[in-house]
Amino acid sequence: MKLTDISGDINEWFNGSGPLSEIVISSRIRLARNIAGYKFLSRCTVAEKSEILKKLRDILVSLELGDEIFYLAVDKTPVLDRHLLVERHLISRHHAFGKGPRGAVIAQRESFTAMINEEDHLRIQTLKGGLQLAQCAERINRIDDMIEQRIDYAFSPRYGYLTACPTNLGTGIRVSVMLHLPALKMTGQIEKFLNASKDMGLAVRGLFGEGTEAAGDFYQLSNQVSLGVSEAEVVAQFENVIIPEIVGYENAARKQLLSKEPDILDDKISRAMALLRNAQLISSQEALFLLSHLRMGINMHERMGVSTPAIKKLCDISAAGGKVDKPGSLSITTINRLFMLTQPAHLQLNCGKTLDAAHRDILRAKIIRSALNG
């Protein structure tokens, strides 16, 4: 399988489906594991890393997951391809641009990936659209058990699974939910959300994970504690308490915009439509920012029945020219496609050549104009 086989479309978990998908983009669960009898990677020689890589690769590619899976030698993969894997959230930036022998195993629908020799010997993750953490947990536990039948993990009766970073010690679990929160930002309440999250011991990251800033009003919320709590407790707390509460705040902010500041709401959507439909050059950051407003407008129409002048125009224009997915519709899926397919590596891989920033901005604007003008 080649990366160009997947670069022309969005992955399954980013198609706008799933519970609470108007605000919850995706659910992800990741487990960190190390093999018993081997040193942590920071202490391994290149030969030892190669031995770990071969051992885990052979196990992972033989698993019966129900999806076709393929293996990539990340250290031998072209730089542009590695950027694409990061943009699709299949591997971390640390894994893409680290050192030494390392690989990735990816399921065809991109709902499961494994990073070998990232910070730990093995990091596996499952992803789904919307709020589906319980389903992610069920699948990753099953895969984890399948691997553990073939290999002994480094485990302490006192500390649980042993990991390279103490913050992952215990269960090794990291629960992450990607949220779209434009109304909290527009109403000036996003700082309150960020501060409350930190007070609860949660980490808030940007669109592309650790070390990145929020873009397009997307925020990744993750647990920071994995010691002294069970996997089930962490998942249940996120799925039943934390995320529904945040979704409630975002919905309240959208209603506040509608009741108290409808002109500001319409101005944001109208400006975004005008710029996206006419710009000749547009940066990745600006495109994310403007598409975010269209996404909110479409969702407010579909989920809340809102029909302000700007939202009505957005839906009318969509009906006339949204031909990215299917004739006559501009759906959330279409907006999500534009979010992903206009990222720098996607643009270059899909046009078959490397482009400088200016030519990427020209091509990005052309793709968006085509999608929104028909």
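Predicted model: local features only at pLDDT ≥ 70, side-chain atom pairs only at ≥ 80, totals over all residues.
Residues are numbered from 1 along each chain as its sequence is written, and side-chain values use heavy atoms, with hydrogens and water left out.

**The whole chain**

Let's begin with the big picture. The chain has 13 helices and 10 strands; these are DSSP runs numbered from the N terminus, with helices (H or I) of at least four residues and strands (E) of at least two. Its radius of gyration is 21 Å, close to the 21 Å that the globule rule gives for 374 residues, so the chain is as compact as a globular protein of that length. That radius is taken over C-alpha atoms, and the rule is 2.2 Å times the number of residues to the power 0.38. Along the principal axes, the C-alpha atoms fill a box of roughly 65 × 45 × 30 Å.

How much of the chain is buried? Buried residues make up 54% of the 374, where buried means under 20% relative accessible area, exposed means over 50%, and partly exposed is in between (1.4 Å probe, protein chains only). Now for contacts, meaning heavy atoms within 4.5 Å. Among those between residues at least 6 apart in sequence, 71% join residues at least 24 apart.

**The cores**

A nonpolar core is a set of buried Ala, Val, Leu, Ile, Met, Phe, Trp, Tyr and Cys residues joined through side-chain atoms within 4.5 Å. In soluble globular proteins, nonpolar side chains tend to be buried together. Here, the largest core has 91 residues, and I147, F238 and I243 have the most contacts inside it. Helix α7 (residues 231–260) gives the most to this core, with 9 residues. Setting aside neighbours within four places in sequence, I147 touches I59, L60, L63, L122, I124 and Y153. There's also a second, separate core of 16 residues, which includes L84, L85, I91 and A345.

**A helix on the inside**

Why is helix α11 (residues 332–341) described as largely enclosed by the rest of the structure? Because 9 of its 10 residues are buried. I332, R337 and L341 are among them. What do the buried residues of α11 pack against? Their partners are α2 (79–87), β10 (218–223), α9 (284–304), α12 (344–351) and α13 (357–373).

**Single residues**

| Residue | Relative accessible area | Class |
|---|---|---|
| Q132 | 17% | buried |
| S50 | 33% | partly exposed |
| L20 | 32% | partly exposed |
| H89 | 15% | buried |

Q132 sits in the loop between β5 (122–129) and α4 (133–148). Apart from neighbours within four places in sequence, Q132 contacts G18, P19, S27 and E239.

S50 belongs to helix α1 (residues 46–60). How far apart are S50 and G100? They are 50 residues apart in sequence and 8.3 Å apart in space, C-alpha to C-alpha.

Two residues have a positive phi without being glycine. For L20, in the segment before β1 (24–33), phi is near 60 degrees. For H89, in the loop between α2 and α3 (93–96), phi is about 65 degrees.
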